[in-house]
Amino acid sequence: MHVARKQIQQIYLDSRHRYVGYYLRYSEESTHLAYMLEQELANLQQAFHWAIEDNKHELVARFWEAIGDFFWEHGYWQNYLEWGETALNAIRQLGRRETEA
Amino acid sequence: MQPVDFAIITALAKEAQAVVSRLEQPTTRRFEAEDIRTYHYGTISFQAPGQFYRVVVITLPNMGTVSAANAVTDTIARWSPRFVLMVGIAGGIPQGDLDLGDVVIADQVVGYDYGKVTESGIQPRPRVYPASALLLDRIHNFWDNAWEQQVNVARPVNARRPISKRWVGPIASGNKVIASTEFRNQLLAQWPKLLAVEMEAEGVFGAIFDRPHIRGALVIRGICDMADERKSDEWQEYAANAAAAFVVAFLKSSPVEPIDASAEERQTEPSQKYHITINEAHGVVIGDQAHIVQRFTSEPVARERGFEVASSSPAQFMEIPGKTYRTLIGREPIIGDIIAALRDPGGKWLVGIDGMGGIGKTAMANEVIDRSQAEHLFDMVVWESAPKLERLHDTQAIGGLTFDTVLDGIGRQLGALDVPKLKSQDKEARVRTLLHNQRVLVVLDNLETAHESQNEIARRLQPFLNPGKALMTSRHRFKGDVYAVHLSGLDETSAIRFIYQEAEEKNISRIKVAEQSEFQQIAQSTGGSPLALKLVVGQLGHLSLDTVLNQLSKIRPPDSDTNEDDYLLFYKGIFFSSWQILSDAGKQLLISMAHFAPGVGGTSEAIQATSDLANDVLTRSIDELWRLSFLEIGESPSLNKLRYYLHALTQNFILSDVVQILK
């Protein structure tokens, strides 16, 4: 296990990238299908956190775009507040980056 | 009403419970305007994908042939079964080494009550009913003895043999409780091959006698006493369970073609269909005379089970996780205690189950829900689960469980979507009203990972509960006004039974040659932890028993006082042995799956996208991980797809020891 450490970590990071991508697509394709979002809420939450952790501001904003209304309409008020605030920060970062560019 | 394949008639509640606990998707149905019965409807699936029998189980209000005949008549009118099975307990007749706990299948039923009264006494004129020739043929060709391992209650200690056997022969039936050697011998004199005596089968056969659409009946009885002066109740539960285990195993062998559901459905008038609505609080539920009796986990499943689903209201699905076990072994006494505590209106409002990770707390909560629903203890069940994932970094704090979010979850699941937006005082008042207006079981799972103290959450929740109750699980012990149950490892007998079941499911043949002492060693080395037992059985698919036992001997087994760090070390020792067996593709899949929420996992589509494995490799790797018990497979509650997921401890091992990213 020790010999393959780098390889293992690379598998982990690559698969994390794909995991975030899959659930972002899922949320965008299911944006009006509450039961689809509800079913995968725990994974959407995980993927969202990884997007934050990896400073993928654009992905964070897209997640929010896809799920924000669902949180508002289906009683996930805490998630609405927390995701909303995080997404707002991400959008600010995006704006700053664009301004700096 | 859609016809069922089998109606199972039982005389006692314990007999019914033993069968119903083995049904898939059990629901309880009543038709009070038309009859007095409670019908437990469910399915029993067999090996062919998507194939299952529709089954209805009833129990009688009284023992005896008249009660049985009435119940069968009602059941036939309501459900049009193709076959009727009488399942339960009976008194045995000494024949060969027939013993307590054995299962007897009647090839004919002798109604011994009939006779002619003459001056010189009563001349017996028994009626004889042959069993269904078709089912009897299938019984004679059903050779699998694995049913004996499916008996999930403790075998009384006074058994002559360690295992039960099955027998086929005549059974006498009549309205007498027989506790007399003399009477037993009188029957035996008339019917030398008689195997058992009981009180209902004659009524069952009498009721179906002139029903041409019923293809036959069969009686299956577990022997609970020997119909003599020593008659006692000691073996009743085991015998009832043995009979149920046999019947379900027999049906799982698909002895007859199931009813063609689609064809039957086409013949059913729409007005006769049972109506289901999608309820905001419950997902798909069956409405029965203004009270909700059962849920289906999903609309597709409800449709598959033959119910019409109204599509008028938006679907929101209950957050109860799917079952990951076939039968819970060795937990009956504790489940009984918990159900009794939930049933007791004067008892504590809070019930807490604690125990180390992998010991089966969530499975037990799931089982308690099923049992409490079968008894109609609650109108609704709300399930809130704290995330199990180890904290990776500060941002993971989002979404943790607090008292406030518990109230949000209760409100949301009871359909009051405005609750989360209310201020604290208003929120508490609203949830209090919601919970006081109906009997709600609030389940809080994994409280050890809550953001607030579990005892503080419990203390604050208690005044909200009456008339409902709360069931909580945690790795930490509960304090305060809680009916607390500590879950420890399975005892040796149950652990061995568990090993058998697991090995059978995963087709691991090494178990068959193991000796009792080796089983005992596995049971002791794993501390009876179901998760550890599963992992060890998985290893036996690849490694010799000696190697596995040698590896286990190097790990200190947990006991009830083991702290969290120590039992994590214990599991890691076992995980590491399993990890070393894995192929490269299996390792890649396992690492990829560590991203998914534990206990939730993902569909094959999500896992393929994440792992980037080719379809055939993915299929092989899933099978490999499942056989090694790294991975669980369950049905998606609402998407009607299989889900693949890791236990939280497995995920912890991957993240902290394999990838080494946990802080």
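Two strands are said to pair if DSSP finds at least two bridges between them, and strands themselves are DSSP runs of E, at least two residues long, just as helices are runs of H or I of at least four residues, all numbered from the N terminus. The model described here is predicted, so local features are given only at pLDDT of at least 70 and side-chain atom pairs only at pLDDT 80 or more, while totals for chains, interfaces and linings use all residues. Residues are numbered from 1 along each chain as its sequence is written, chains are lettered from A and ligands numbered from 1 in the order in which they are written, and side-chain values use heavy atoms, with hydrogens and water left out.

Strand β1 (residues 6-10) of chain B runs parallel to β4(B), with five bridges between them, and here I9(B) faces I58(B). Strand β3 (residues 38-45) of chain B is antiparallel to β4(B) and is joined to it by six bridges; Y41(B) has V56(B) as its bridge partner. Seven of the eight residues of β4(B) are buried, where buried means under 20% relative accessible area, exposed over 50%, and partly exposed in between (1.4 Å probe, protein chains only).

Next comes the backbone. Most residues other than glycine have a negative phi, and most peptide bonds are trans. N507(B), in the loop between α14 (492-505) and α15 (516-525) of chain B, has a positive phi near 55° and is exposed, at 62% relative accessibility. S629(B) also has a positive phi, of about 60°, but this serine is buried, with a relative accessible area of 5%; its loop runs between α21 (615-627) and β23 (632-635) of chain B. A cis peptide bond, with omega about 15°, links N466(B) to P467(B), and P467(B) sits in the loop between α13 (454-465) and β20 (469-474) of chain B.

Helix α21 of chain B also holds E624(B). This glutamate is buried but has no salt bridge, and the nearest side chain of opposite charge, R620(B), is 7.6 Å away. A salt bridge needs a side-chain nitrogen of Lys or Arg within 4 Å of a carboxyl oxygen of Asp or Glu; for charge, Lys and Arg count as positive and Asp and Glu as negative, with His and the chain ends not counted. Leaving aside residues up to four places away in sequence, E624(B) is in contact (heavy atoms within 4.5 Å) with I581(B), L582(B), S583(B) and G586(B).
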